[in-house]
Amino acid sequence: MERLENVDMGRYTSFRAGGKAKELVMPENTDELIELMKEIRESGRKYIVLGNGSNTLICDSGFDGVVVRLGKAFSDIRRDGNRLICGSGALMSSVAKAALGENLTGFEFASGIPGSIGGAVFMNAGAYGGEMKDIVEEVTVVKKDGSGVSVLSAEDMDFSYRHSILEKTGDIAVSAVLKLESGDHEQIALKMSELTRRRNEKQPVQYPSCGSFFKRPEGYFAGKLIQDAGLKGLTVGGAQVSELHSGFIINRGGASASDIIDLMHLVQNIVYDKFGVKLEPEVRIIGD
């Protein structure tokens, strides 16, 4: 189990910004993760779980706790009938490639979502009309107190918009079973290619970001509200409301976490003043 101290978390998050964590621990298997969670419980230390870091921002003041990072050791993907059994560290792009290779359809909507299966399950990630809840059959978790492992059905996961039960319990997904269907290789490839084209045309993929920054308010689209408020291109330090897609906050270069958070507050306040709609961040902001 690798342990690092005083770690610059900008290296581990897709915003490429943020402060340092007191400790970063990378367990190599489920048994090590269980032992680590027991250790954290007994010490009373704060912790967060980090996958590929595509939806997390650590404040510039840092995080005075343990960052538990599940990576390559948890990235296995295997087929079982029309199911893919995926470790929580498996990248969404790797799962998409595996699904295509096995001629399984149903994962196309998620093929361009950055991040890992664990993070996608945790927040019920979605895109282009699909969500993880549409394809997750069950999730294996390690209990947050290190007391063991349990298997949760899709119903147990309490999926809703950008939410799962794991946000409440603090338990850690270590694998997920995805229920897909047999499909035509060419059609699957065509759909993935089309969604990639749409993503590249409409999203600022060349800049560090955490994808869509705000949750979709009921009855509205966050990006349209921000654009209609005249905020496209608004900049604070190195952070900017993307000129390509107003739902994205990007790191134009050298942005601090404070730049990003200050821009977030500015956008929230102006949108609320103009339209009476409160925008909630989809991104996890960790620290003081």
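Why does Gly254 count as exposed? Gly254 counts as exposed because its relative accessibility is 73%, where exposed means over 50%, buried under 20% and partly exposed in between (relative accessible area, 1.4 Å probe, protein chains only).

The model is predicted: local features need pLDDT of at least 70, side-chain atom pairs count only at pLDDT 80 or more, and totals for chains, interfaces and linings use all residues. Residues are numbered from 1 along each chain as its sequence is written, and side-chain values use heavy atoms, with hydrogens and water left out.

Select residues 248–251, which form strand 18; strands (E, at least two residues) and helices (H or I, at least four) are DSSP runs numbered from the N terminus. Phe248 and Ile250 are buried on one side, and Ile249 and Asn251 are buried on the other.

Return to Gly254, in the loop between strand 18 and helix 7 (257–275). The C-alpha atoms of Gly254 and Ala239 are 8.2 Å apart, with the residues 15 apart in sequence.

Finally, select helix 7. Its buried residues include Ile260, Leu263 and Val267. The buried residues of helix 7 pack (contact: heavy atoms within 4.5 Å) against elements including helix 6 (222–228), strand 17 and strand 18. Gly276, with a positive phi near 70 degrees, follows the helix.
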